[in-house]
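Take a look at the model below.

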2 protein chains.
Amino acid sequence: MNIGVLGTGMVGQAIAARLAGLGHEVMVGTRNVAETLARTAPDPMGNPPFSAWHQHNAQVKLGAFAEAAAHGELLFNCTGGGASLAALKLAGEANLNGKVLVDIANPLDFSQGMPPTLSIVNTDSLGEQLQRAFPQVKVVKTLNTMNAHLMVNPSQLAGGDHTVFVSGNDAAAKATVSELLQSFGWQDIIDLGDISTARGTEMLLPIWLRLFGALQKPMFNFKIVR
Amino acid sequence: MNIGVLGTGMVGQAIAARLAGLGHEVMVGTRNVAETLARTAPDPMGNPPFSAWHQHNAQVKLGAFAEAAAHGELLFNCTGGGASLAALKLAGEANLNGKVLVDIANPLDFSQGMPPTLSIVNTDSLGEQLQRAFPQVKVVKTLNTMNAHLMVNPSQLAGGDHTVFVSGNDAAAKATVSELLQSFGWQDIIDLGDISTARGTEMLLPIWLRLFGALQKPMFNFKIVR
């Protein structure tokens, strides 16, 4: 499938590499291609710059947000939560309409220091905000509740015996996304309901961040035992 | 141990019965003893009234909030989140000071309909609010992330292979509470850190409520796979 991945950070890199490895035609979208390629410093988390990653993933194309959105039959939002709405506007509504948008972003607010709080919370969610802004897009919130490496290769932890959630208004879009998740290795996919259930998964971030501190490692996940 | 359990609802009943069964001397506290005993109708969730429960748990004493607080060397807050601060004020600071208060309440706001939202969230928590209001009390937030029956008997689900969290500023208090949790059957107890980490566990409620809807049963829990 032709897939557009919006965002060049750790999440965008992990998703793009995995999709390309599964045989999809992937284009990563960024605000400014020249600036993205010119960065040589690691990001604040110590991850290598996009250009270094791209040397090992040359089959993945890089383009402006609008180019990547036009390329994709299905799109991933891997931008930061605070930048997602602006990125999607740059991608262009005409390039998004009618398509499935897999929204992985969390509306983290780092302005008050660590740990971050949520800038949208409780009575709304980023997933709903994006769905309202682009009513013709089929937003499916998922994968926003674990580390990027685990998103695309869940079997590296406990043989994949843990859970991923999907939220969205369109049943066919959720089925498409669930197939993609299964191709990543996900075995336990829980459909929480409509896009308003993204409130619940975005609100997992505060305990995720505290667990990261308590466990001293990012390779963990929630499993819903039932 | 002498233990005071504040709150006569489903959570207070489950906690009080379990503690009494383990040999503790339990007094349940309520706002108005006569009114509590006079209620004959089930609660809005269909649970039997306190008086019916009390017939099968006659070894548990019932008293006003202040009596139960004075009775307990250790206290459980099993009141509704919106009523907790008022209940603790009725219990009386002198009856609380120096003691461990196990806070199980969640600040659910039902005023906007179902599912409820949180009345305290993101940059604060009920656990922190109680700790600020009673600085000489050792507040430990725990057990607020699963069904009441599971709180006190975790082994009935997957042999107990799932997780409970503790948050609090006092290490000795958390150790005391963890021993009590182990006596309930809890095997996987994660210390998230100080009382501000209660934000994370209280913010699990929105996804808990959606999972309750998706799974159509309350007997499930989070396990942190790592």
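Predicted model: local features only at pLDDT ≥ 70, side-chain atom pairs only at ≥ 80, totals over all residues.

A residue is called buried if 20 or more other C-beta atoms lie within 10 Å of its own. Helix 7 covers residues 126-133, and its buried residues are A:Leu126, A:Gly127, A:Glu128, A:Leu130 and A:Gln131. What do they pack against? Their partners in chain A are helix 5 (84-91), strand 5, strand 8 (138-142), strand 9 (163-168) and helix 10 (198-202).

Now find the sheet. Eight strands of chain A form an open sheet in the order 3-2-1-4-5-8-9-10, with mixed pairing. Strand 3 (61-64) and strand 10 (188-193) are the edges, each pairing on one side only. From one strand to the next, the twist averages 25°. Look at strand 4 (residues 74-77) and strand 5 (residues 100-103) of chain A: they pair in the parallel sense over four bridges. A:Phe76 has A:Val102 of strand 5 as its bridge partner.

A:Phe76 also touches A:Val5. Other contacts of A:Val5 include A:Ile15, A:Val26 and A:Cys78. The largest nonpolar core has 127 residues, and A:Val5 and B:Val5 touch the most other members.

Finally, turn to where the chains meet. Chain A and chain B give 34 residues each to the contact. On the side of chain B, helix 11 gives the most, with seven residues. That side divides into 18 nonpolar, 10 polar and six charged residues. Strand 11 (residues 221-225) of chain A runs antiparallel to strand 11 of chain B, joined by five bridges. There, A:Val225 stands opposite B:Asn221.

Definitions and conventions: Residues numbered from 1 in each chain as written. Chains lettered and ligands numbered in written order. Core = buried A, V, L, I, M, F, W, Y, C linked by C-beta atoms within 7 Å. Buried ≥ 20, exposed ≤ 12 C-beta atoms within 10 Å, placed from the backbone. Contact = placed C-beta atoms within 7 Å. Pairing = 2+ DSSP bridges. Helix = DSSP H or I, 4+ residues; strand = E, 2+ residues; numbered from the N terminus. Axes fitted to C-alpha atoms, helices over the stretch in contact; angles between N-to-C directions. Nonpolar A, V, L, I, M, F, W, Y, C, P; charged D, E, K, R; others polar. Lists of a residue's contacts leave out its neighbours within four places in sequence.
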